[in-house]
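Hello! Please keep the 3D view open as you read.

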Amino acid sequence: MENPVVIFGAGNIGRLALDIFNSNDVLVYGFLDENTKLHGTEISETVVLGDPNDDGYLKIIGNKTEAFVAFETKMLKEKTVKMLHDRRKTMPVNAIHARAIVSEDAEIGHGILIGPGAIVNQGVKLGNHSVVHSGAILDVKSSVEEYVEIGPGAIINSDVILQNGSFIGAGATIVSGIKIGKNARVGAGSLVIEDVKDKTTVFGNPAKSID
């Protein structure tokens, strides 16, 4: 990537994105965040410039500057992606750490973050605006839809389906062939051996609903 990047969101995922772009020698122009208390502050010498809706900053996106959306809630992420499409006719770029392993045969969407040590194996489908944290493993032919977050060290075995907006906690294991429903949540360290319904939270070994 030749162009510098503006990161939308100065929270934890924004910090991860900064580290990832630095690992690839990509210049980060600055952060944009709705929290006015952060404006003018620095994260590793990179300035939080101002508000994401400020036309003064938005006008540089899409010409010689790229965007990456790092907000941590699905709603704000979706809102920002739509705004970038509508106002700047652009899609967020990917943030893939130099020490991540991604198969050439994996299908990777837009606006994705893949942390250091993560492995994305052959035949994986990884949907737009998803996050794969450090050390997570996506095994052969697993399918990840949009706006999914996979925690550090989680293991997604072969032929697993993670549907739109689902969340997999750190260190969780999803056994082969399981489907995790839309906006479902899997607690950290859980072992999932049966399908999880939409909007359901499961936890434990084996994982059971706690709703």
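The points below go from the overall chain to the spaces inside and on it.

1. Please bear in mind that this is a predicted model.

2. On overall dimensions, the C-alpha trace spans about 50 × 35 × 30 Å along its principal axes. The radius of gyration of the protein chain is 17 Å, which agrees with the value near 17 Å for a compact globule because the chain has 211 residues.

3. How much of the chain is buried? Of the 211 residues, 46% count as buried.

4. Looking at contacts between residues at least 6 apart in sequence, 26% join residues at least 24 apart.

5. A search of the whole structure turns up one cavity of 30 Å³ or more. The largest cavity has a volume of about 50 Å³. Do find its lining in the view: Glu34, Pro52, Asn53, Phe71, Leu76, Lys79, Thr80 and Met83. By type, this lining divides into four nonpolar, two polar and two charged residues.

6. Which residues lie nearest the centre of the largest pocket? They are Glu72, Lys74, Tyr147, Glu149 and Gly165, out of 17 lining residues. The pocket has a volume of about 230 Å³, and its lining divides into seven nonpolar, five polar and five charged residues.

How values were computed:
Residues are numbered from 1 along each chain as its sequence is written. This is a predicted model: local features need pLDDT of at least 70, side-chain atom pairs count only at pLDDT 80 or more; totals for chains, interfaces and linings use all residues. Side-chain values use heavy atoms; hydrogens and water are left out. On a 1 Å grid over the protein atoms alone, a cavity is a set of points where a 1.4 Å probe fits but cannot get out, and a pocket is an open set with protein on both sides within 12 Å along at least five of seven lines; lining residues have an atom within 4 Å of a point. Grid points are joined across faces, edges and corners, and a volume is the space filled by probe spheres set on the points. Ala, Val, Leu, Ile, Met, Phe, Trp, Tyr, Cys and Pro count as nonpolar, Asp, Glu, Lys and Arg as charged, and the others, Gly among them, as polar. The radius of gyration is taken over C-alpha atoms; the globule rule is 2.2 Å times the number of residues to the power 0.38. Buried means under 20% relative accessible area, exposed over 50%, partly exposed in between (1.4 Å probe, protein chains only). Contact means heavy atoms within 4.5 Å.
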